[in-house]
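Let's take a friendly walk through a protein model. Have the sequence and the 3D view open as you read.

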Amino acid sequence: MMGDMANPPTYPQPREDATNAPLIAGWREGRLMLQRCGDCGRAFFYPRPMCPHCWSEKLAWFEASGRGRIVAYSHVFKPHHPAFDAEAPIVLIEAALEEGALMLTRVVGEDRTNARSRMAISLVPMPEAARYPLPTFVLA
Amino acid sequence: MTKSDIGIVGCGQTPYSKRAQGTLVGYLADAARRALDSAGMARGDIDGLAVAAFQLPPDNAVTLAEQFGITVSYADYFTAGGAGSVAMMLAAKRAIEDGQAKAVLCVAGDLYDVGAHYRLMGNFNQALSNYAQPHGFGGPNGLFALVTRKHMEAYGTTCEQFGRISVGQRASAALNDNALLRGPMTMDDYLNARMIADPLRLFDCVLPCTGAEAVVVAAVDRAPKGKGVRVLSGAEQHNHPPGEVAPLHIGAALYRDRLWARAGYGPKDMQFAQIYDDYPVMVAIQLEDLGYFGAGEAPGFLARHDFAWNGSLPLNTGGGQLSCGQTGAGGGMIGLWEAVTQLRHEAGARQVPKVERGLVAGYGMVGYGHGLGSASVVLERA
């Protein structure tokens, strides 16, 4: 995708815990895992020990389609960690996933600055996906 | 409505600087000493202590009481970021009404600079550090760029309209010796400044700095003659609307009607508005949710008003955080300090003439995408 595939930058990593482990494990294989509530049926992000909509503990992980749309975007010229400096401007987006969850994430790729609101996005495929700490997107 | 006898009897602010000149406790003590002087009180008159400072942990209000050498019957440490100081003052008022204390010292501040701000925001809370920091999100600049973009696309707000907030406040800052940015700024300067996180440019973003503020909450008749400030009403609401990443509304939308009804006044009766200004878009959103204009009407409202201290809507009359700098959690008290200073008629060259009442709104505590906290208060010269 960009940069040195063999030596990806040392991006800051999420702290793995009992709640978010399936998200992090899934993304190591290039899959976007979300939680869905067994009572109210809503999917959500970020991972929680209970449904933020109805407080149910009947939560199940499932593999999301990896497709969504850009709700809002910004070209960020000063990322919040030096590991991203070589990629600046990074493109930060609010994404609405097909399953209904909202997510802060990035659009990457040479054409990333073409990102605009309402554009379709899809997950970065493997093996490039392994480079990024969390589910990351490209313009579809 | 019955007016409460409990209000603000003194206020203090330390000098602001780009780099810390001492310790956090030293700054908080300096602000406290100035507030007590302003209240005409001695250290022994204080029997309650509340503090908002991101960098205070592992210390807290009780260990700060030890540092200060005072015994208190009320102590609390507040966390609602830029909404924390207004919420802290309201809680102190309730504690006094409840008989728990008679005079509560509320202090806020941080030893902020660009580096400290950077370190704090990378580990601000679990959701941000786990799910935003690994994307390099750009800190608050990146997050509020998304909110600003959404506001522009939803309502048609322009950069120039947002700029009227920054430019108007800078005119007030020219008359405030404690503002770190007080040189003249034109709309062209604003529009052509360096891009930080588009659409945000340099003068949309606050400068992290060091400083502290304090207020003393007590029965208004304990203030020096003509110096008491009454609290007509206050309210807070956090995490509203829940579940959104970059909403165009805050908790004030839920308490607005109650806030004004209890105050017995409306937005048009306010002679100034001190509105938490980490970014111009958040001033626009707070003004809308506090009832200054109807849904989606920000573009026309911003275009038609002058926001300098002597303009049609005196806004952040000391220059606000956008011109003074953001002293970490102290950024939540700068509006309260400025409001009390104005209502005591001590604002010098930037004094709003014949001011009797005004609004203070706090906002902040960035979670997964936006500031979660909102707290507002309507104040009146006693």
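Which residues of the largest nonpolar core touch the most other members? They are Val51(B), Val104(B), Cys106(B), Val215(B), Val216(B) and Val217(B), out of the 167 residues in that core. Before we go on, please keep in mind that this is a predicted model.

The core lies between domain 1 (6–113 + 210–227) and domain 2 (135–206 + 232–381) of chain B, because both of them give residues to it.

## Two domains in chain B

Chain B is divided into domain 1, made of 6–113 + 210–227, and domain 2, made of 135–206 + 232–381. Taken over C-alpha atoms, the centres of domain 1 and domain 2 of chain B are separated by 23 Å. How many residues meet where these domains touch? On one side, 31 residues of domain 1 of chain B are in contact with 35 residues of domain 2 of chain B.

Let's look at the side of domain 1 of chain B that touches domain 2 of chain B. The elements that give two or more residues to this side are strand S1 (6–13), H3, strand S4 (103–111) and strand S7 (210–219) of chain B. H3(B) supplies the largest share of this side, 6 residues. Sorted by class, this side of domain 1 of chain B has 17 nonpolar, 10 polar and 4 charged residues.

Where is Ser73(B)? Look in the loop between helix H2 (61–68) and strand S3 (74–77) of chain B. Ser73(B) has 13 C-beta neighbours inside 10 Å, so it counts as partly exposed.

Leaving out neighbours within four places in sequence, the contacts of Ser73(B) are Asp47(B), Gly48(B), Gln100(B) and Ala101(B).

## Chain A as a whole

Now turn to chain A, which has 1 helix and 8 strands. Read along the sequence, the pattern is α-β-β-β-β-β-β-β-β. The C-alpha atoms of chain A fill a box of roughly 45 × 30 × 25 Å along the principal axes.

Among the contacts in chain A with a separation of 6 or more, 54% come from residues 24 or more positions apart.

## Strands in chain A

Strand S1 of chain A, residues 33–37, is mostly covered, with 4 of its 5 residues buried. S1(A) pairs with strand S3 (residues 59–63) of chain A in the antiparallel sense over 5 bridges, and Cys37(A) stands opposite Leu59(A) in S3(A). S1(A) is also joined to strand S2 (residues 43–44) of chain A by 2 bridges, again running antiparallel. Here Arg36(A) has Ala43(A) as its bridge partner in S2(A). The hairpin of S1(A) and S2(A) has 5 residues between the strands, and in it Gly41(A) takes a positive phi near 80°.

Further along, S5(A) and S6(A) pair in the antiparallel sense over 6 bridges. Val91(A) stands opposite Val107(A) in S6(A). In the hairpin of S5(A) and S6(A), with 4 residues between the strands, Gly100(A) takes a positive phi near 105°. Is S6(A) mostly covered or mostly uncovered? S6(A) is mostly covered, since 5 of its 6 residues are buried.

## Where the chains meet

Conventions:
Residues numbered from 1 in each chain as written. Chains lettered and ligands numbered in written order. Predicted model: local features only at pLDDT ≥ 70, side-chain atom pairs only at ≥ 80, totals over all residues. Buried ≥ 20, exposed ≤ 12 C-beta atoms within 10 Å, placed from the backbone. Contact = placed C-beta atoms within 7 Å. Core = buried A, V, L, I, M, F, W, Y, C linked by C-beta atoms within 7 Å. Domains from an automatic or database assignment. Nonpolar A, V, L, I, M, F, W, Y, C, P; charged D, E, K, R; others polar. Pairing = 2+ DSSP bridges.
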